[in-house]
Amino acid sequence: IAARFLGRGDDVLPGLLDSHTHPPGAALSELTTEFAVIRSFDDIRAYIRRQAAKTPKGEWIHVPKTFPARLKEMRMPTRDVLDATLEHPVFYDASYANAVNSHALKMSGITRDTPDPPHEGARIIKDKNGEPNGILTGRATELLKNISRRGDRFTDQQRLDALEAMLKRYAAAGLTGVTD
C-alpha cells in the first residue's frame with residue numbers, strides 16, 4: 001500500500017526498533033572478545049579452552065553473555081562445566097545470575113561456609129553436598145576477588161569508537177532505533 005501511495009512503485013521496508021539492547025556493553029565485549037556462538041556446554045568448554053591457550057595463567061576468562069535458555073541443556077552451567085581450565089578463573093555471564101569455575105571460587109575464598117551476601121536475591125547456590133556449585137545470583141558476584149570488569153580498561157575514545165561501530169552494525173541489520 002505504501003509503495004502505491006508513493007506512486008513510484010518503490011519498495012518500502014519498515015525500520016525495526018529494539019527496545020531492550022545494551023549497545024555500550026555489547027560494543028565493548030565485541031571489541032575485546034572473539035564473537036562466539038555458544039549453544040551448548042560443549043561450546044562453552046571449547047570457548048574456554050581457546051581463551052586459555054592465549055590468556056596468561058591466573059587471568060580471568062569471561063564467557064560472553066549467554067542466557068541458559070538458549071543452551072541445548074536449557075540450564076545454567078556449573079563449576080564442573082567451567083572447569084575446562086583450572087589455571088584461570090572463569091566467569092560465565094548470564095546477566096542476573098552468573099557462574100564461575102573452581103579456580104574462581106578458591107581464589108575468592110568462597111566455600112561451603114561462606115554466607116550469602118546480605119542483599120536481596122544474592123545467593124551462593126550449593127550442590128547436594130553443600131558445596132558451592134559455581135552459580136552466584138544477584139550481588140553475590142561482589143564476593144569475587146580480582147575480577148577484571150569489561151569496561152574498566154578503555155579510554156573514552158575507545159568506548160565511543162566501539163559504540164559507533166556497534167550502531168553501524170545495528171543499522172546494517174535493519175535496526176533503525178535501539179534503547180539502552
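This is a predicted model: local features need pLDDT of at least 70, side-chain atom pairs count only at pLDDT 80 or more; totals for chains, interfaces and linings use all residues.

**Terms and their grounds**

Modeller: Residues are numbered from 1 along each chain as its sequence is written, and side-chain values use heavy atoms, with hydrogens and water left out.

Biologist: Which residues touch the most other members of the largest nonpolar core?

Modeller: They are Ile38, Ile44, Val63, Met76, Leu82 and Tyr92, in a core of 20 residues. A nonpolar core is a set of buried Ala, Val, Leu, Ile, Met, Phe, Trp, Tyr and Cys residues joined through side-chain atoms within 4.5 Å. Two or more residues each come from α3 (41-54), β2 (61-63), α4 (79-82), β3 (90-93) and β4 (97-100), and α3 gives the most, with 5 residues. Another core, of 12 residues, lies apart from it and includes Phe91, Leu136, Ala140 and Ile147.

Biologist: What makes an element a helix or a strand?

Modeller: Both are DSSP runs numbered from the N terminus: helices are H or I, at least four residues, and strands are E, at least two. By that rule the protein chain has 6 helices and 7 strands.

Biologist: Which strands form the open sheet, and in what order?

Modeller: The order is β2-β3-β4-β6-β5, 5 strands with mixed pairing. Because β2 and β5 each have a single partner strand, they stand at the edges, and one side of each is left without a neighbour in the sheet.

Biologist: Why are β4 and β6 called paired?

Modeller: Two strands pair if DSSP finds at least two bridges between them. β4 and β6 are joined by 3 bridges and run antiparallel, so they meet the definition. Asn98 has Leu136, in β6, as its bridge partner.

Biologist: Why is the contact between Glu131 and Arg112 called a salt bridge?

Modeller: The term requires a side-chain nitrogen of Lys or Arg within 4 Å of a carboxyl oxygen of Asp or Glu. The N to O distance for Glu131 and Arg112 is 3.0 Å, and therefore the pair qualifies. Glu131 lies in the loop between β5 (123-126) and β6 (132-137) and Arg112 in the loop between α5 (102-107) and β5, so the pair ties together parts that are 19 residues apart in sequence.

Biologist: How many salt bridges are found in the whole structure?

Modeller: The search finds 6. Among them are Arg139 with Glu142, at 2.7 Å between the closest N and O atoms, and Arg79 with Asp80, at 3.9 Å.

Biologist: Is Asp80 buried or exposed, and how do you know?

Modeller: Buried means under 20% relative accessible area, exposed over 50%, and partly exposed in between (1.4 Å probe, protein chains only). Asp80 has 56% and is therefore exposed. Glu131, with 29%, is partly exposed, as is Arg112, with 40%. Arg139, at 42%, is partly exposed, and Glu142, at 47%, is partly exposed too.

Biologist: What percentage of the protein chain is buried?

Modeller: Buried residues make up 36% of its 180 residues.
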